[in-house]
Amino acid sequence: MTRNHPRPSRRTVLGGAVAALTVAAGTPAAQAAGTPAAQAAGESRWPAEFPLPDGWLPEGITIGSRPYAYLGSRANGAVYRTDLRTGRGRVLHAGGPGLASIGLKLDHDGLLYVAGGGGGTARIVDARTGELLTTHRLTEDAAPFVNDVVLHEDRAWFTDSRAAVLHGVPRGRAGRVRALPIGGEWVQAPAGTNSANGLVATPDGSALIVVNAGRLYRVSLRTGHATVIALEGAADVTNGDGLVRVGRTLYVVQNRLNKVTVWHLDRHARTATLARTITDPRFDVPATAARWGDRLYLVNARFTSPQTPETTFNAVAVPL
């Protein structure tokens, strides 16, 4: 999962408000750099959208502990890095023919874990240099689609949209990959169509939440047993794609519906209650999202537009 930036406590919010009032009064103490109010004011001036190279064919986005977004390409497996403060970016990792970068997550040690789509792989890329460090072949199936990834405890967990299994890659460069078959109430789509997509860890860390064909499932990391999460306030999460969790709040990107639904999870993530819906006229089939501060950054995959080398792409930010 993309690194969570905790919500500010009541004390922090009140402290920021006091600092802002002190700045208005012009006292030297309040003018010191780095106060919460100054940081929030600075981030509010950052670009609310930024471009990607033409023909990039994006789908995944991740943000770590610093204000840089990393976005993968379905065209050739490349990775683009954008400075959130300026909106300017560059190609970090060049990829190559026949490769794809679908979902991706940045670890605290500077390693990018990249889902390889139809190649059936998980790649590890150095986020500082762009160097490819390791490639794990997750499956020998003829038509896999390794789709998304979450970092949880000692593994990076990947979904394969064409198989009822999760793949656990050790975080780092060594170790054996664990295959976790999904059972229980899980309903796998017919061959050739997609099932498992985005995933996050549950608040208690004992399971993963996986979106599949309009439903949210809670999948035990011990047994692989899946149970349907009961939804209150809406019948389903049709076109559910990327997931972001902040505490017990779950953001579900519903790509072709051009919206993000916001859900409150119960303690054990067995029920999700719809709290609100985020829409924006700039959404153009957003696929996945990542959080920085009080913003959610979404990448527009534009699945309903021509996917050509000349097609334009961008990412947009909305307030949480």
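This is a predicted model: local features need pLDDT of at least 70, side-chain atom pairs count only at pLDDT 80 or more; totals for chains, interfaces and linings use all residues.
Residues are numbered from 1 along each chain as its sequence is written, and side-chain values use heavy atoms, with hydrogens and water left out.

Let us begin with the sheet. Strand β3 covers residues 68–73 and runs antiparallel to β2, to which four bridges join it. Strands here are DSSP runs of E, at least two residues long, numbered from the N terminus, and two of them pair if DSSP finds at least two bridges between them. The open sheet has four strands in the order β2-β3-β4-β5, paired antiparallel. β2 (58–63) and β5 (89–93) each have a single partner strand and stand at the edges, so one side of each is left without a neighbour in the sheet.

Strand β2 also leads us to a cavity. What lines the largest cavity? The lining consists of G60, I61, G103, L104, K105, D148, G242, L243, T288 and A289. Two or more of the lining residues come from each of β2, β6 (104–106), β20 (240–246) and β24 (286–292). A cavity is a set of points on a 1 Å grid over the protein atoms alone where a 1.4 Å probe fits but cannot get out, and lining residues have an atom within 4 Å of a point. The structure holds one cavity of 30 Å³ or more, and about 50 Å³ of space lies in the largest cavity.

Now to the aromatic rings. Rings of Phe, Tyr and Trp (its six-membered ring) pair if their centres lie within 6.5 Å; planes under 30 degrees apart count as stacked, over 60 as edge-to-face and the rest as tilted. By this rule there are four aromatic pairs. One of them, F50 with Y297, is tilted, at 6.5 Å centre to centre and 35° between the planes. Because F50 lies in strand β1 (residues 49–52) and Y297 in strand β25 (residues 295–300), the pair ties together parts that are 247 residues apart in sequence. F50 is buried, at a relative accessible area of 3%, and Y297 is buried at 1%; buried means under 20% relative accessible area (1.4 Å probe, protein chains only).

W56 and Y80 form an edge-to-face pair, 5.6 Å centre to centre with 65° between the planes. W56 sits in the loop between β1 and β2, and Y80 in strand β4 (residues 79–83), 24 residues apart. Both W56 and Y80 are buried.

Conventions: On a 1 Å grid over the protein atoms alone, a cavity is a set of points where a 1.4 Å probe fits but cannot get out, and a pocket is an open set with protein on both sides within 12 Å along at least five of seven lines; lining residues have an atom within 4 Å of a point. Grid points are joined across faces, edges and corners, and a volume is the space filled by probe spheres set on the points. Buried means under 20% relative accessible area, exposed over 50%, partly exposed in between (1.4 Å probe, protein chains only).
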